[in-house]
Amino acid sequence: MRAAHIRWGLLLWGLVLALPAHADLSRRRSDVVEVVQKVSPAVVYIGTEQEVESRFRGRPRSPLEEFFGQGMAQPETRQRITGLGSGAIIDPSGIIVTNDHVIRGASAIHVVLADGRTFDAEVVGSDANNDLAVLKVNAKEPLPTAKLGTSSDLMIGETVVAIGSPFGLSKTVTAGVVSATGRTFRADDRVYNDFLQTDAAINPGNSGGPLLNVDGEIIGINTAIYANGQGIGFAIPADKVRRIVEELTRFGKVRPAWVGMDTADLPSQVAARLGWDRTYGVIVTNVDPDSPAAQAGVQRGDVVAELGGSRIQDAEDFDSRVRGYPARSVFPLVLFRAGGNRTVQVTPVEFPARLLENLAWEKLGLRVKESKGGMAIASVRQGSAASEIGLEPGDVLLRMNNQPVPTGDTFREALLTARRGRSVLLLVRRGRYGYHLTLPFAGQRI
């Protein structure tokens, strides 16, 4: 009898010993673990190939040889450069969102799924201004997806998870919190606005991968790191991603939108005179008649305090925020007028064709017409920067901001993009020679 009790006791003890392993596993299943198990099948590794031209180096050429273009020939060769990044499948048909800089200039794009399957991808559309791209892979069956959530209700300090392929290490997971929203930073001589900031580790190769909340929803696309600090990463907020992805999926590009208002930085003296006691905001200096801004009720002298729920710091910040809203996508503006705040809804439209010729004449000082290989200058406005720099009728515009302009359509598209900058880089042909010229392009209307 005693031996039987001992046997039963040992059996029960064995069961007790076995329980903690399962109990511990359940206790260790955190929100982060559940997010990773739920979403990681939809996170992909993206490898790219790019062919670039280079020259063999022979003996150095003498100054005379350099001047007359003689000496040892420099034969051209093609060199293949590879790149890597991450992405997220957002539609079971094979639609993938990633960064524009991950695939820019690529001659081949390869996508590797979490289960090891590999596909060649095609670019549906990309937009450098918002650093987003949409890819498509053709699979025989529906693919696992991640849900694109919202970023408008994010809380500072809430837990987030980043999944990607930093340094080519696929299926890498890091966790942290939302450190800030509406961040602005400068990189590669460009200003980037309205970004999420997180301390979840983001490294080269994470670009294009998802930043997720504890429900497993994409609340941002990881894009950049702060080179001079650790634990500072940036992601494009999901609300902007949704707008741009929809535009790229439908049209292959982001249609340039027009609001029809000018803004300027708000000097403290002017702010005090208006009764505006904040350190942020811009002042409206002009509203075009019958424009979306005018129809929404925006008036000259208004202070624009917020756009899309985030404060506006300066005119450059405002311009950049507007670029995140394609034509027909509504955004709210908080205006300060006569001592009080009011909110209006603005719906950008595609830039009216009737304004394009005026835009080129007012801002560039040029009228152009189609010609062989580019847009020939038909006339130059006296007193304009183009006149002062020496442009003449008969000169031919070949490129604008490094974008070829062989036709009127391409010229208009380049002009619409350039209008938001402070200057425009032109490649101009005169006779047999080409010249790069920079013209100021300030005071633009958006």
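These legends accompany close-up views of one predicted model. Residues are numbered from 1 along each chain as its sequence is written, and side-chain values use heavy atoms, with hydrogens and water left out. Local features need pLDDT of at least 70 and side-chain atom pairs count only at pLDDT 80 or more, while totals for chains, interfaces and linings use all residues.

**View 1. Confidence along the chain.** pLDDT is the predictor's confidence in each residue, from 0 to 100. The protein has a mean of 84, and 85% of its residues reach 70 or more. Helix 3 (residues 63-68) has the lowest confidence, with a mean of 38. Strand 3 (residues 95-98) has the highest, at 98. Helices (H or I, at least four residues) and strands (E, at least two) are DSSP runs, numbered from the N terminus. Residues 62-73 stay under 50 in pLDDT, and the model has 10 contacts for them beyond four places in sequence. Residues 442-446 also stay under 50, with 25 such contacts. Contact means heavy atoms within 4.5 Å.

**View 2. The largest nonpolar core.** This core has 44 residues. Ile-46, Val-111 and Val-241 have the most contacts inside it. Helix 5 (residues 238-251) gives the largest share, five residues. A nonpolar core is a set of buried Ala, Val, Leu, Ile, Met, Phe, Trp, Tyr and Cys residues joined through side-chain atoms within 4.5 Å. Buried means under 20% relative accessible area, exposed over 50%, and partly exposed in between (1.4 Å probe, protein chains only). Another core, of 27 residues, lies apart from it and includes Leu-355, Ala-360, Ala-418 and Val-428. Beyond four places in sequence, Ile-46 touches residues including Leu-84, Val-102, Ile-103, Val-111 and Leu-135.

**View 3. Aromatic pairs.** The count comes to four aromatic pairs. Rings of Phe, Tyr and Trp (its six-membered ring) pair if their centres lie within 6.5 Å; planes under 30 degrees apart count as stacked, over 60 as edge-to-face and the rest as tilted. Trp-258 and Phe-351 are edge-to-face, at 6.0 Å centre to centre and 70° between the planes. Trp-258 lies in strand 15 (residues 257-258) and Phe-351 in the loop between strand 22 (349-350) and helix 9 (353-364), so the pair ties together parts 93 residues apart in sequence. Both Trp-258 and Phe-351 are buried. Trp-276 and Tyr-280 are edge-to-face too, because their ring centres are 5.6 Å apart and their planes at 90°. Trp-276 is buried at 7% relative accessible area, and Tyr-280 at 11%. With Phe-336, Trp-276 and Tyr-280 form one aromatic cluster.

**View 4. Arginines over rings.** The charged end of Arg-243 sits over the ring of Tyr-325, 3.6 Å from its centre. Arg-367 lies over the face of Trp-361, at 4.0 Å from the ring centre. A charge sits over a ring if NZ of Lys or CZ of Arg is within 6 Å of the ring centre and within 35 degrees of the ring normal.

**View 5. Ser-207 in its loop.** Ser-207 is in the loop between strand 11 (190-198) and strand 12 (210-212). Ser-207 counts as buried, at 13% relative accessibility. A polar atom of its side chain lies 3.4 Å from the backbone oxygen of Thr-223. Beyond four places in sequence, Ser-207 is in contact with residues including Gly-85, Asn-99, His-101 and Asn-222.

**View 6. Helix 8 and its cap.** Helix 8 (residues 315-323) is mostly covered, with eight of its nine residues buried. Among them are Asp-317, Phe-318, Arg-321 and Val-322. Asp-314 caps the N-terminal end, with a side-chain oxygen 3.3 Å from the backbone nitrogen of Glu-316.

Notes. A polar contact is a pair of N or O atoms within 3.5 Å; within protein, one must be able to donate a hydrogen and the other to accept it, and residues adjacent in sequence count only if both atoms are side-chain atoms.
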